[in-house]
Amino acid sequence: MSRRPLMAGNWKMHKTIEEAVQLANALKEALAKLNDRDALVCPPFTSLSSVSEILKGSSVFLGAQNMNDNVQGAFTGEVSPVMLKDAGCSFVILGHSERRQYYSETSALVNQKCRLALAQGLTPIVCVGEKLDERESGKTFDVIKTQTKESLNNLSSEQLKSTVIAYEPVWAIGTGKTATPAQAQEVHSFVRQLINETYGESVAASVRILYGGSVKPDNIDSLMAQPDIDGGLVGGASLKAGDFVRLVNFQVPCNC
Ligand code: PEP
């Protein structure tokens with residue numbers, strides 16, 4: 001089964017509203033027509049509405065970088081999935097390693113958020129990834145298995161098909177160190193196999209698994225040439241229009 005590639009830009013805590021609008025305008029123009037791939041930008045909460053206005057009618061989707069695990073209530077400083085939909089989002093990043101590391105988010109919480117996002121009609125992008133010491137001590141597959149199973153716990157087949165997974169080795173995020181295409185492929189294939197064991201081949205074949213960790217214009221083509229890499233979750237290189245457009249326009253060598 002062929003999966004539609006997805007290039008997702010995570011703008012993290014960058015860009016004022018004016019800067020976000022400028023970048024969104026540039027992307028809208030450069031990515032006017034996308035026939036065989038999806039592009040997504042995830043600005044900070046403060047810019048969502050303004051960027052949404054710009055992207056209306058364009059090929060570029062809008063997402064958020066996090067959400068609360070409640071629909072509404074007394075949760076000072078938090079943003080609910082209903083508010084994200086209201087602001088024009090169709091995607092939400094969940095369990096990014098920065099949230100796991102700095103805000104103590106557990107896979108159990110990510111799972112709660114994931115199920116709520118799906119119930120509210122948002123497509124979750126669920127992040128998993130091992131730290132450097134875990135890789136170096138041979139624990140990569142154990143960590144990925146635990147995070148994946150716990151974060152996606154109790155999803156139905158239909159829900160899983162509407163979920164995107166992002167494999168982001170923590171040691172590669174914002175460090176300039178990218179996993180080699182072979183290292184990334186090995187983990188992507190492992191995650192797909194995990195899905196296969198629980199949900200069967202057709203669900204496993206349809207779930208998009210993105211790679212994240214210092215994705216750049218000069219490594220995107222070789223990453224996308226891997227059979228189980230279906231796109232990228234991109235931080236730094238999504239902040240410049242030219243770089244992100246190049247990532248969206250990745251080319252894989254034809255085997256024909
Ligand atoms: C990310 O934000 O998820 C990420 C992978 O960042 P970078 O591309 O800068 O490594």
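This is a predicted model: local features need pLDDT of at least 70, side-chain atom pairs count only at pLDDT 80 or more; totals for chains, interfaces and linings use all residues.
Which residues of helix H12 are buried?

1. **Helix H12.** In H12, which runs over residues 241-248, the buried residues are Phe-244, Val-245, Leu-247 and Val-248. These residues sit on the same side of H12, because they cover an arc of only 160° around the axis.

2. **Helix H1.** H1 has 14 residues. From first C-alpha to last, H1 reaches 20 Å, close to the 20 Å expected at 1.5 Å a residue. Its buried residues are Ala-20, Leu-23, Ala-24 and Leu-27. Seen down the axis, they fall within an arc of 100°, so they line one face of H1. An α-helix has 3.6 residues a turn, so residues three or four places apart point the same way. The face of H1 turned away from the buried side carries Glu-18, Gln-22 and Glu-29, which are exposed. The cover over the buried residues of H1 includes S2, helix H2 (48-55), strand S3 (60-64) and H12.

3. **Helix H7.** How far apart are the end C-alpha atoms of H7? They are 16 Å apart, which agrees with the 16 Å that its 12 residues (140-151) should span at 1.5 Å a residue. Buried in H7 are Thr-140, Val-143, Ile-144, Gln-147, Thr-148 and Ser-151. Their arc is within 120° when seen down the axis, so they line one face of the helix. The elements covering them include helix H4 (97-102), H5 and strand S5 (123-128). Helix H6 (132-136), strand S6 (164-167) and H9 are also included.

4. **The nonpolar cores.** How many residues are in the largest nonpolar core? The number is 62. Met-7, Val-41, Leu-84 and Tyr-211 have the most contacts inside this core. Helix H5 (residues 107-119) gives the most to the core, with 5 residues. Another core lies apart from this one and has 12 residues, among them Leu-40, Ile-125, Leu-210 and Leu-233.

5. **A look at Val-41.** Set aside the neighbours of Val-41 within four places in sequence. The contacts of Val-41 then include Gly-9, Trp-11, Leu-27, Val-51 and Leu-55. Val-60, Phe-61, Leu-62, Gly-63 and Phe-244 are in contact with Val-41 too.

6. **Salt bridges.** Side chains of opposite charge can pair when their charged atoms come close. The count here comes to 13 salt bridges. One of them joins Arg-4 and Asp-38, with the closest N and O atoms 2.7 Å apart. Arg-4 lies in the segment before S1 and Asp-38 in strand S2, so the pair ties together parts that are 34 residues apart in sequence. Arg-4 is partly exposed, at 35% relative accessibility. Asp-38 is buried, at 10%. Another salt bridge links Arg-37 to Asp-36, at 2.9 Å from N to O. Arg-37 is buried, with a relative accessible area of 14%, whereas Asp-36 is partly exposed at 45%.

7. Asp-228 and Arg-192 meet in a salt bridge of 2.5 Å, N to O. Asp-228 is in the loop between H11 and S8, and Arg-192 is in helix H9 (residues 181-199), so this pair ties together parts that are 36 residues apart in sequence. Are these two residues buried or exposed? Asp-228 counts as buried at 13% relative accessibility. Arg-192 is also buried, with a relative accessible area of 9%. Through shared partners, salt bridges join Arg-3, Arg-192, Asp-228 and Asp-230 into one network.

8. **Cysteines.** A disulfide is a covalent bond between the sulfur atoms of two cysteines. The count in this model is 0 disulfides. Cys-89 is in no disulfide, and the nearest cysteine sulfur, that of Cys-42, is 7.6 Å away. Cys-89 is buried, at 4% relative accessibility. Cys-114 counts as buried, at 0% relative accessibility.

Conventions
Residues are numbered from 1 along each chain as its sequence is written. Side-chain values use heavy atoms; hydrogens and water are left out. A nonpolar core is a set of buried Ala, Val, Leu, Ile, Met, Phe, Trp, Tyr and Cys residues joined through side-chain atoms within 4.5 Å. Buried means under 20% relative accessible area, exposed over 50%, partly exposed in between (1.4 Å probe, protein chains only). Helices (H or I, at least four residues) and strands (E, at least two) are DSSP runs, numbered from the N terminus. Contact means heavy atoms within 4.5 Å. The arc is that of the directions from the helix axis to the C-beta atoms. A salt bridge is a side-chain nitrogen of Lys or Arg within 4 Å of a carboxyl oxygen of Asp or Glu. A disulfide is a pair of cysteine sulfur atoms within 2.5 Å. The expected span of a helix is 1.5 Å times one less than its number of residues.
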